[in-house]
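Please open the model in your viewer and keep the selection tool at hand.

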Amino acid sequence: MSIGYLASFEPAMLLAIEQAAAARETDVPVGAVVLDAAGTVIASARNRREADADPTAHAEIVAIRGAARALGDWRLAGCTLVVTLEPCTMCAGAVIAARVGRLVYGAADPRAGAAGSLWDVLHDRRLGLDVEVIAGVLASECSGLLRDFFAQLRNSGEGRDV
């Protein structure tokens with residue numbers, strides 16, 4: 001366990017990890033939760049690309065949609081998105097579009113991450129919003145879910161494109 005500011009996001013990340021674990025039977029295990037300004041969970045989601053046959057049904061997108069419905073507003077200013085894997089460019093764009101103020105993620109994604117690993121969309125001032133990004137919360141737990149999922153997929157010989 002961490003101490004201080006980072007540790008304050010661990011309970012929310014554990015909820016995101018639960019969502020990710022629930023997705024692993026059908027999809028890449030990524031989970032997300034959205035906290036309101038008071039720190040209350042207002043939405044949670046997991047990857048649903050396979051279940052919904054929807055290439056945009058990443059955990060972050062599904063959670064942002066749920067939070068907007070919960071608040072009755074597409075503007076999520078003051079909210080925090082907590083996700084087990086660093087968002088891709090699509091999801092980083094959704095964070096900007098929804099005006100989410102803070103992103104907390106667990107595992108970095110050097111292949112497709114858009115919150116500092118490969119790209120840094122959330123700090124691009126040309127987009128008009130500078131999102132606070134907190135990386136590495138329960139990173140080993142989040143990485144472990146993904147590592148185990150892909151190892152099992154390789155061992156099964158299924159070879160589907162996830």
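Begin by selecting Tyr5, which counts as partly exposed because its relative accessibility is 44%; in this scheme, buried means under 20% relative accessible area, exposed over 50%, and partly exposed in between, with a 1.4 Å probe and protein chains only. The model is a predicted one, in which local features need pLDDT of at least 70 and side-chain atom pairs count only at pLDDT 80 or more, while totals for chains, interfaces and linings use all residues. Residues are numbered from 1 along each chain as its sequence is written, and side-chain values use heavy atoms, with hydrogens and water left out.

Tyr5 and Phe9 form an edge-to-face aromatic pair, with 5.2 Å from centre to centre and 85 degrees between the planes. Rings of Phe, Tyr and Trp (its six-membered ring) pair if their centres lie within 6.5 Å; planes under 30 degrees apart count as stacked, over 60 as edge-to-face and the rest as tilted. Phe9 is buried, at a relative accessible area of 6%.

Where is the other pair? Select Phe149 and Phe150: their ring centres are 5.1 Å apart and their planes stand at 80 degrees, so this pair is edge-to-face. Phe149 is buried at 5% relative accessible area, whereas Phe150 is partly exposed at 28%. A search of the whole structure finds two aromatic pairs.

Next, select residues 10-23, helix H1, which has 14 residues and reaches 20 Å from its first C-alpha to its last. Helices (H or I, at least four residues) and strands (E, at least two) are DSSP runs, numbered from the N terminus. Colour the buried residues of H1, among them Met13, Ile17 and Ala20. Seen down the axis of H1, the buried residues fall within an arc of 165 degrees, so they line one face of the helix; the arc is that of the directions from the helix axis to the C-beta atoms. On the other side of H1, Pro11 and Glu18 are exposed. The cover over the buried residues includes strand E1 (31-35) and helix H5 (139-156), where contact means heavy atoms within 4.5 Å.

Now move to Asp27, in the loop between H1 and E1. Asp27 counts as buried because its relative accessibility is 1%. A polar atom of its side chain lies 2.9 Å from the backbone nitrogen of Glu50.

Finally, select helix H4, residues 89-97, where the buried residues include Cys91 and Val95. The buried residues of H4 pack against helix H3 (59-71) and E3. After H4 comes Arg99, with a positive phi near 65 degrees.

Note on methods: Expected span 1.5 Å × (residues − 1). Polar contact = N/O pair within 3.5 Å; in protein donor to acceptor, adjacent residues only side chain to side chain.
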